[in-house]
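Have a look at the structure first, then read on.

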Amino acid sequence: MSKPIYVLSGPNLNMLGTREPEIYGNTTLEDIHNTLRERAAKSNIELECTQTNNEGDLVTQIQQAGSKGQAIILNAGAYTHTSIAIADAIRAIDIPVIEVHLSNIYQREEFRHHSYISPLAMGVICGFGANSYHLALETLISGAQS
Ligand code: DQA
């Protein structure tokens, strides 16, 4: 089996399902993880799915994914817009990172329009709700198979 794909989610994403459902939808992060795992299993790919509210933990998880994984699907939540530490962690690893957001950050407040991650990412998917994660996984799976 190939190396796992890491699905890393940052602060407040544990609240999906009840958090501002008009923006983020009704699907829980657990539901997202379960559906992603089912899809990955069909392609014989293992997923490591985690969520943390702590910036340093997210840095550590990115480092670990960099040494053990084949790619990262990353929703860094609000740290997207603030964290040089997370950007530096991405710079320090050598596997592709796809940045995802459930909401379309460009339709929202100005402070969400800047991402420290986007210039370092393989690509950015935002605005498709839970599907943003799924589109990222499909991209990685099709890349892995081609
Ligand atoms: C988010 C967008 C961020 O601006 C916000 O801080 C989040 C979630 C998204 O998935 O749409 O926590 O990353």
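## Around the ligand

In this predicted model, arginine 112 puts a polar side-chain atom 2.9 Å from an oxygen atom of the ligand. How much of the ligand does the protein bury? On its own the ligand exposes 320 Å², and the protein buries 99% of that. As for where the ligand sits, the space it takes is the largest pocket.

Histidine 81 has a polar side-chain atom 2.7 Å from an oxygen atom of the ligand. With alanine 78, a backbone N or O atom is involved, and it lies 3.2 Å from an oxygen atom of the ligand.

## Asparagine 75

You'll find asparagine 75 in strand β3, which runs over residues 71–75. Is asparagine 75 buried or exposed? Its relative accessible area is 3%, so asparagine 75 counts as buried, the cut-off being under 20%.

The side chain of asparagine 75 also has a polar partner: the side chain of tyrosine 133, at 3.4 Å. Skip the neighbours within four places in sequence, and asparagine 75 is in contact with Leu8, Ser9, Gly10, Leu13, Val100, His101, Leu102 and Tyr133.

## The loop between β1 and α1

Next stop is glycine 17, in the loop that links β1 (5–9) and α1 (21–24). Its relative accessibility is 19%, so glycine 17 counts as buried, with the limit at under 20%. Leaving out neighbours within four places in sequence, glycine 17 is in contact with Gly25, Asn26, Thr27 and Thr28. Glycine 17 and leucine 29 sit 12 residues apart in sequence, and their C-alpha atoms are 7.6 Å apart in space.

Asparagine 12 belongs to the loop between β1 and α1 too. Asparagine 12 is partly exposed, at 39% relative accessible area. Its phi is positive, about 75 degrees, although asparagine 12 is not a glycine.

## Another positive phi

Which residue other than glycine has a phi near 60 degrees? That's asparagine 44, and the value is positive. Look for asparagine 44 in the loop between α2 (29–42) and β2 (47–51). With a relative accessible area of 48%, asparagine 44 is partly exposed.

Methods:
Residues numbered from 1 in each chain as written. Predicted model: local features only at pLDDT ≥ 70, side-chain atom pairs only at ≥ 80, totals over all residues. Heavy atoms only, no water. Helix = DSSP H or I, 4+ residues; strand = E, 2+ residues; numbered from the N terminus. Buried < 20%, exposed > 50% of the residue type's maximum accessible area, 1.4 Å probe, protein only. Polar contact = N/O pair within 3.5 Å; in protein donor to acceptor, adjacent residues only side chain to side chain. Contact = heavy atoms within 4.5 Å. Areas by Shrake-Rupley, 256 points an atom, 1.4 Å probe, with all protein chains shown as cover. 1 Å grid on protein atoms, 1.4 Å probe; cavity = no way out; pocket = protein on both sides within 12 Å on 5 of 7 lines; lining within 4 Å. Sits in = over half its atoms within 2 Å of the grid points.
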